[in-house]
Each structure stands twice: as structure tokens, then as C-alpha cells.
Amino acid sequence: MPTRSARTAWNGSLNEGGGTVEFTSSGTGTFDVSFPKRAAENADGTTSPEELIAAAHSSCYAMALSAQIGEAGGTPQNLDVRADVTLGPDPAGGFRVTTSKITVRAEVDGLDEDAFLKAATAAKEGCPISKALASVDISLDAALL
């Protein structure tokens, strides 16, 4: 299996400095990062590790759900997946990712709601990013349209 890479160049202190994250494997982009903006309500044009985790989790989950629906005999027509990842205090000190909430709305042929919910739960548990986030509270809100 392939290895994917990203690179961050950082200059300065935590609160005064900043950096850029580059998706080196795909070459698809370079994005600004900043701790003050990471901790603020408004990201103001910068990304954060939590947003990158959310992107990884939502895309991985969509792939896993598509596979689970197919294995259950259905055909996914449209999967709209959102992951909301929260940074919070760590009781041991510092910060940690505390939650990832997956919300999915789907149009699926060939599955009833119970079979879809079973596939959605299996995808949550089987997604490699969910497994990587084993210490994080992962919730799921799944529904057919």
C-alpha cells in the first residue's frame, strides 16, 4: 500500500509564528496554519490539524460507507458526509482532539433504512481513520434522504 506525505514549514514561536502545510504526495495545495487561528472560532483563511483530520475522516468514511452499502446489496447514488472535529483541553495538560462527529445524508438504491443504518455503523467502525482515532469520541448521525 502507498505512503502519502505532507510537509509543514513553521517559522517563529507558537503564538507569534505561523507556517504552511503542503500536500507533497498529490501536489494539490499549500495551506497556511497558525496556532492563534487554530484556537479561534473564525479560521480566517487558515487551516488546522483538526480541519485536516476532518477532511481525512469525512473522505475515508464516505469510501467505507460506499463499500458497506455495496456489500449489503445496495447502490449509493449520493453520499454527503461531514466530519466535525473538536480540539479541547487534555486533562493531562495541553490539548487533544476530543470528538469527531460524522453526519451523513444519503441517497441509496436497494437498501431500506435499517440496512442503511447497519452499513453506516459498520463504516464508522471499519474506516481506517476511525481506527486511527480510537481514543476520540466518534459519533454518527446517519439518515437516508
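**Salt bridges and a helix**

The count of salt bridges here comes to 5. A salt bridge is a side-chain nitrogen of Lys or Arg within 4 Å of a carboxyl oxygen of Asp or Glu. Side chains of opposite charge can pair when their charged atoms come close.

This is a predicted model, in which local features need pLDDT of at least 70, side-chain atom pairs count only at pLDDT 80 or more, and totals for chains, interfaces and linings use all residues. Residues are numbered from 1 along each chain as its sequence is written, and side-chain values use heavy atoms, with hydrogens and water left out.

Start with Arg-7 and Glu-22. Their side chains meet in a salt bridge, at 3.9 Å from N to O. Arg-7 lies in strand β1 (residues 7-11) and Glu-22 in strand β2 (residues 18-22), so the pair ties together parts that are 15 residues apart in sequence. Strands (E, at least two residues) and helices (H or I, at least four) are DSSP runs, numbered from the N terminus. Arg-7 is partly exposed, with a relative accessible area of 46%. Glu-22 is partly exposed too, at 30%. Buried means under 20% relative accessible area, exposed over 50%, and partly exposed in between, using a 1.4 Å probe and protein chains only.

Next comes Asp-141. Its side chain meets that of Arg-105 in a salt bridge, at 3.1 Å from N to O. Asp-141 lies in strand β6 and Arg-105 in strand β5, so this pair ties together parts that are 36 residues apart in sequence. Asp-141 is partly exposed, at 28% relative accessibility. Arg-105 is partly exposed, also with 28%.

Now look at Asp-44 and Lys-37. They form a salt bridge, and their closest N and O atoms are 3.7 Å apart. Asp-44 counts as exposed, at 52% relative accessibility. Lys-37 is partly exposed, with a relative accessible area of 30%.

Turn to helix α2. This helix covers residues 49-71 and has 23 residues. From first C-alpha to last, α2 reaches 33 Å, close to the 33 Å expected at 1.5 Å a residue. The expected span is 1.5 Å times one less than the number of residues.

Which residues of α2 are buried? They are Glu-50, Ala-54, His-57, Ser-58, Cys-60, Tyr-61, Ala-64, Leu-65 and Ile-69. What covers them includes α1 (35-39), β4 (75-89), β5 (95-109), α3 (113-126), α4 (128-132) and β6 (137-144). Just after α2, Gly-73 takes a positive phi of about 95°.

Notes:
Contact means heavy atoms within 4.5 Å.
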